[in-house]
Amino acid sequence: MYADRHAQPARFNPGGLTAAVAINAALVAALMFAGPTTLPGPAGHGPTIVTVPIDEPPPPEPPKPRPEPHEVTASRPDERIVAPIPPMPMPAPTGFTTTAIDSPPAPGPVVGNDPGPVAVDPPAPRLPPLIGPQVDPRYANAFQPTYPPAERRANRDGRVTVRVLVGIDGRVREIERITATSDAFWQVTQERALRAWRFRPATRGDVPVEAWRTMTLTFRMEDAG
């Protein structure tokens with residue numbers, strides 16, 4: 001019977017719950033109103049109050065300057081567009097056929113000595129004949145130079161041959177020495193020719209032209225006296 005009694009289900013007791021809550025409330029109140037007991041100590045030995053300095057918080061770091069934005073230019077790669085070459089349509093085979101044309105045969109050797117027609121240049125036009133310069137009779141006495149004093153003192157004869165260019169006005173333009181007995185004879189001849197010699201100019205078809213003429217002068221002591 002004892003075992004059967006304890007095996008019965010427990011019933012809820014509201015009175016026990018109320019008593020448990022009241023006990024807990026009394027314990028909490030006793031703890032709240034209970035104060036610490038301070039025992040008297042020796043005079044002058046009260047509690048020491050020590051002030052612990054509190055480190056001030058470090059100042060905030062200044063804001064870092066923002067980097068200036070740099071314009072970044074990205075190099076564009078070269079773009080190459082390659083269009084595919086469309087396949088060329090092949091013409092459809094037709095019924096036409098092609099025939100190769102043989103090249104003409106190479107010419108054979110020439111038989112005979114006939115060279116064929118030969119181009120002949122037309123003859124150059126003939127120029128009128130050239131009539132050389134002539135001594136102007138009006139100035140014939142002015143052609144003989146003065147006898148060089150050094151050659152006169154040496155009692156020496158002389159001979160000079162020169163070539164002169166006669167202009168269209170009959171004056172001597174240039175003079176060239178061909179032969180001379182001495183420099184003294186050549187110098188007096190050169191001076192007289194450029195200063196006093198006069199000619200009738202050369203002509204070609206009645207047109208005056210410049211032309212060269214050779215002149216020979218003789219110096220003799222018997223004529224100088």
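I started with T161, which I found in strand 3; helices (H or I, at least four residues) and strands (E, at least two) are DSSP runs numbered from the N terminus. T161 has 13% relative accessibility, so I file it as buried. My cut-offs there: buried is under 20% relative accessible area, exposed over 50%, partly exposed in between, with a 1.4 Å probe and protein chains only. Next I listed what T161 touches, not counting residues up to four places away in sequence: R177, I178, T179, T214, M215 and T216. Contact here means heavy atoms within 4.5 Å.

Ground rules, before I go on. This is a predicted model, so I take local features at pLDDT of at least 70 and side-chain atom pairs only at pLDDT 80 or more, while totals for chains, interfaces and linings use all residues. Residues are numbered from 1 along each chain as its sequence is written, and side-chain values use heavy atoms, with hydrogens and water left out.

**Core**

I looked up the largest nonpolar core and got 17 residues. The term covers buried Ala, Val, Leu, Ile, Met, Phe, Trp, Tyr and Cys residues joined through side-chain atoms within 4.5 Å. The residues with the most contacts inside this core are V162, V164, I175, W197, F199, M215 and F219. At least two core residues come from each of strand 3 (158-166), strand 4 (172-180), helix 4 (183-196) and strand 8 (211-219). Which strand gives the most to this core? Strand 3 does, with four residues.

Leaving aside neighbours within four places in sequence, M215 is in contact with V135, F143, V160, T161, V162, V164, W197 and F199.

**Helix 4**

I checked the length of helix 4: at 1.5 Å a residue its 14 residues should span 20 Å, and the end C-alpha atoms are 20 Å apart, so the two agree. The expected span is 1.5 Å times one less than the number of residues. I wrote down F185, W186, T189, R192, A193 and A196 as the buried residues of helix 4. Seen down the axis, these buried residues fall within an arc of 145°, so they line one face of the helix; the arc is taken over directions from the helix axis to the C-beta atoms. The buried residues pack against helix 3 (149-153), strand 3, strand 4 and strand 8. On the other side of helix 4, I found E191 and R195 exposed.

**Rings**

I counted six aromatic pairs in the structure. Rings of Phe, Tyr and Trp (its six-membered ring) pair if their centres lie within 6.5 Å; planes under 30 degrees apart are stacked, over 60 edge-to-face, the rest tilted. F143 and W197 have ring centres 5.1 Å apart and planes at 20°, so I call this pair stacked. It links distant parts of the chain, 54 residues apart: F143 sits in the loop between strand 2 (134-135) and helix 3, W197 in the loop between helix 4 and strand 5 (199-200). F143 counts as buried at 9% relative accessibility, and W197 is buried at 0%.

Y147 and F219 came up as an edge-to-face pair, 5.8 Å centre to centre with 85° between the planes. Y147 lies in the loop between strand 2 and helix 3 and F219 in strand 8, so this pair ties together parts 72 residues apart in sequence. Both Y147 and F219 are buried. I also noted that F143, W197 and F199 form one aromatic cluster.

For charges over rings, I need NZ of Lys or CZ of Arg within 6 Å of the ring centre and within 35 degrees of the ring normal. R163 lies over the face of W212, at 4.1 Å from the ring centre. R198 lies over the face of Y139, at 5.9 Å.

Where do I find R173? In strand 4, and it is partly exposed at 45% relative accessibility. R173 and E210 are 37 residues apart in sequence, yet 9.2 Å apart C-alpha to C-alpha.

Last, backbone angles. Most residues other than glycine have a negative phi. N155 has a positive phi, near 55°, and lies in the loop between helix 3 and strand 3. D206 has a positive phi too, near 65°, in the loop between strand 6 (202-204) and strand 7 (208-209). I have N155 down as exposed at 55%, and D206 as exposed at 75%.
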